[in-house]
Amino acid sequence: MPRYASYPTVPFWNENFEVEKWTSEFQHKFDEQNHQDGIAIYIHLPFCESLCTYCGCNKKITTNHSVEEEYLLAIEKEWGLYRKLMSQTPVIREIHLGGGTPTFFSPRNLERLLNSILKRSITHPQYEFSIEAHPNNTTVEHLKVLQKIGFRRISYGVQDNDPEVQRVINRIQPFENVKSAIENARRFGFTSVNFDLIYGLPLQTVESIEKTINQVIELKPDRIAFYSYAHVPWTSRAQRLFDESHLPAASEKILLYLKGKELFLNNGYVDLGMDHFALPTDELYKAWKEGQLFRSFMGYTTRRTGLLLGLGVSSISDTGGAFAQNAKALHDYYELIGIGQLAIQKGYILSDLDKACKKYILDIACKGYTEFRVEDMEILEEYSIPKLKGLEQDGLVTLTSNGVSVTDQGRYFIRNICSAFDLYLAKVDTQKTLFSKAV
Ligand code: SF4
C-alpha cells in the first residue's frame, strides 16, 4: 500500500517524460511562488558507510570519502542549471538534507555545499532548515556548522535499540550514541529533534520494542516517526538476507504498533496520524492542531510547500502540478549533469482529476477529513464512494453526503483510506509487486 508522499505515486509516473515540459512548468511556478512564499530545496546525499539490511532508500555504500568532492561538484553544477531557469534571485524558505547519510559528508563539505546555494540567494525571514542524521557519525563539528548556517531541526535514525535486532539489520548503534546525539543537538540549539523508529523488524517482540521505546521516551525527542517496516525484497535486495521466519506476522506487527502507540500516548505524545507522534510543544503538533499540516517527499511538514526543488541523485521535485525525478543511478546522474543537462529521468504532469484526487488524499492524510467537490461527484460515486462505504462498515470512516472523516479506529488505516481516492490503483492487478503491505 503506498505511503502517499505523492499522488499519483511514483510507479505511475512516465519514464519518457519531456524535460522541456518540466522546465516550463518549473519556471511558471517559480515566478508565481518565489516572492510570495519562497521555495523549498531537498538535497539527496546518497552515501553511507555500511548497509542497513532493511533499507529501501536510494544509497551508495562506501567508506571512501573522496567521493564527496565529485558529488558536491555535480550538485553545485545542477543548482547552476536551475539558477539559469530562475528569472529572479531565489528566496530560500526551506532546505532539507536527506539521504543516504548526510552526515557522511565532512562538516566542511556540508558548509561548502550550503554556502554555494545560499550565497547568491535570499534567505526567507521564516526559513526552516532540517537534516536527517545518523547517531553514529554526527559529530559536534557537524552540529556547530549546521547551527551556524541556521539549522534547527534534526532527525535521527534510531530504528531499534535491541542489540540482537541491530545485529540482524546490520546497524550497530549503542544507546549511548543515541543519547549523546540528542544531548549534543540540544546543546547546539536544535529546537526540534525527531527520532525515526521502525516496527516489524526481524526479531522484534512486544517486550523488546517496549524497552526501546521506554529508553527513547526518557530522551524526550520532540517528534517520533514510528514507521512500519516495508518488506519489499523484490526491489530492496538486501532484505533478501533476512530469514523471513524472523519477521513478525501481521497480527504480531499490529501488537508492536499498539504497544508503541500506548507508550507514546501515556507519555505526553499526540498521535498526528500516519505513523507520526509529537509533543504538544512541537511546531508539527501546532500545525496539526491548526489544520496546517502538509505532506510531501520530506514527510509531514508544518506548512504547505508551493515549490519543492530536488537536487542530487534520485531526488524529486514538485511544483504542485508536476513531479520530476532525477536519475536513480549515480553514473547516469553524473553523466547528464556533466553534459550540462538536468538529470531528470521520470516525471508526471497532473491532470485536473489528478489534482482533485491529490487534494482528497492530502486532506485525509493531514487533517483526517475531506469535503467532496460537486464537480467530482460523478467519478467519486463510481469509484471512491463504494470503497468508502466498505470502510464505513468496518468502522474506519464516517461518510456524509458531502465528505468523509476518519474515525479513531481508522487512524491506523490512513493509507487504506487514502487509497479510496487513488484512481491508479484500480488499474493495477498486481499491487503487491509495487508496494509493501499496509500492515
Ligand atoms: S538506513 Fe540510512 S544509513 Fe542505513 S543504509 Fe539506508 S540510508 Fe544508509
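**Exercise 1. Which element gives the largest share of the lining of the second largest cavity?**

Before we start: this is a predicted model, where local features need pLDDT of at least 70 and side-chain atom pairs count only at pLDDT 80 or more, while totals for chains, interfaces and linings use all residues. Residues are numbered from 1 along each chain as its sequence is written, and side-chain values use heavy atoms, with hydrogens and water left out.

*Step 1.* Take the terms. Helices (H or I, at least four residues) and strands (E, at least two) are DSSP runs, numbered from the N terminus.

*Step 2.* Look at the elements. Strand 11 (294–296) and helix 11 (352–367) each give two or more residues to this lining. The largest share, four residues, belongs to helix 11.

**Exercise 2. Decide whether Ser130 is buried or exposed, and find its polar partner**.

*Step 1.* Locate Ser130: it sits in strand 5 (residues 122–133).

*Step 2.* Check accessibility. Buried means under 20% relative accessible area and exposed over 50% (1.4 Å probe, protein chains only). Ser130 has 16% relative accessibility, so it counts as buried.

*Step 3.* Look for a polar contact (a pair of N or O atoms within 3.5 Å, one able to donate a hydrogen and the other to accept it). The side chains of Ser130 and His96 make one at 2.7 Å.
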